[in-house]
Amino acid sequence: MSDSAKAEVEEQEMAVESKPATSNREIQEAEKDLNAAQEKLNLQALPIRAYLDQTVVPLLLDGMSALVKERPPNPVEWLAAYLLKHNPQNPSKD
C-alpha cells in the first residue's frame with residue numbers, strides 16, 4: 001500500500017471521526033467515501049493480473065464479443081466507444 005493511499009484513508013477516517021455527523025445521510029455518505037477509499041487501496045495492492053481480471057477483463061471480453069458479432073469497418077474505434085458507453089465506473093449513460 002502506497003504512502004499516499006494510506007494518507008488518503010487516514011485523512012478520510014480523521015474527517016469522519018473529528019466532525020460529528022448530524023444526520024444519517026451524512027453518516028452514509030462518509031461510510032460510502034471510506035469504502036471507496038478502501039476499495040481503491042485494495043485494487044492498488046493486487047498483483048497486475050488480478051487487478052486486470054477484476055477491473056478491465058470482464059468489460060473487455062463483453063466488448064470483444066459484441067465486436068465480433070457487429071464486425072464494424074473500424075473495430076478499434078467501435079470497441080473504444082463500446083468501452084466508454086458501458087464503463088461501470090461512469091454511471092452516466094449517454
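Tutor: Start with a definition: helices (H or I, at least four residues) and strands (E, at least two) are DSSP runs, numbered from the N terminus. The expected span of a helix is 1.5 Å times one less than its number of residues. This is a predicted model, where local features need pLDDT of at least 70, side-chain atom pairs count only at pLDDT 80 or more, and totals for chains, interfaces and linings use all residues. Residues are numbered from 1 along each chain as its sequence is written, and side-chain values use heavy atoms, with hydrogens and water left out.

Student: What span should α4 have at 1.5 Å a residue, and how far apart are its end C-alpha atoms?

Tutor: The 14 residues of α4 should span 20 Å. Its end C-alpha atoms are 20 Å apart, so the two values agree.

Student: Which residues of α4 are buried?

Tutor: First the general idea. An α-helix has 3.6 residues a turn, so residues three or four places apart point the same way. Buried means under 20% relative accessible area, exposed over 50%, and partly exposed in between (1.4 Å probe, protein chains only). In α4, Leu59, Gly63 and Leu67 are buried. They cover an arc of only 75° around the axis, which puts them on the same side of α4. That arc is taken from the directions from the helix axis to the C-beta atoms.

Student: What do the buried residues of α4 pack against?

Tutor: They pack against α5. Contact here means heavy atoms within 4.5 Å.

Student: What follows α4?

Tutor: Again, the general idea. Most residues other than glycine have a negative phi. Arginine 71 follows α4, and its phi is positive, near 50°. Arginine 71 sits in the loop between α4 (57-70) and α5 (75-85).

Student: Is arginine 71 buried or exposed?

Tutor: Exposed, because its relative accessibility is 67%.

Student: How many aromatic pairs does a search of the whole structure find?

Tutor: A pair of aromatic rings is described by the distance of the centres and the angle of the planes. Rings of Phe, Tyr and Trp (its six-membered ring) pair if their centres lie within 6.5 Å; planes under 30 degrees apart count as stacked, over 60 as edge-to-face and the rest as tilted. The search finds 1 pair. Tryptophan 78 and tyrosine 82 form it, stacked, at 5.7 Å centre to centre with 20° between the planes.

Student: Where do tryptophan 78 and tyrosine 82 lie?

Tutor: Both are in helix α5, 4 residues apart, about one turn of the helix. Tryptophan 78 is partly exposed at 22% relative accessible area, whereas tyrosine 82 is buried at 15%.
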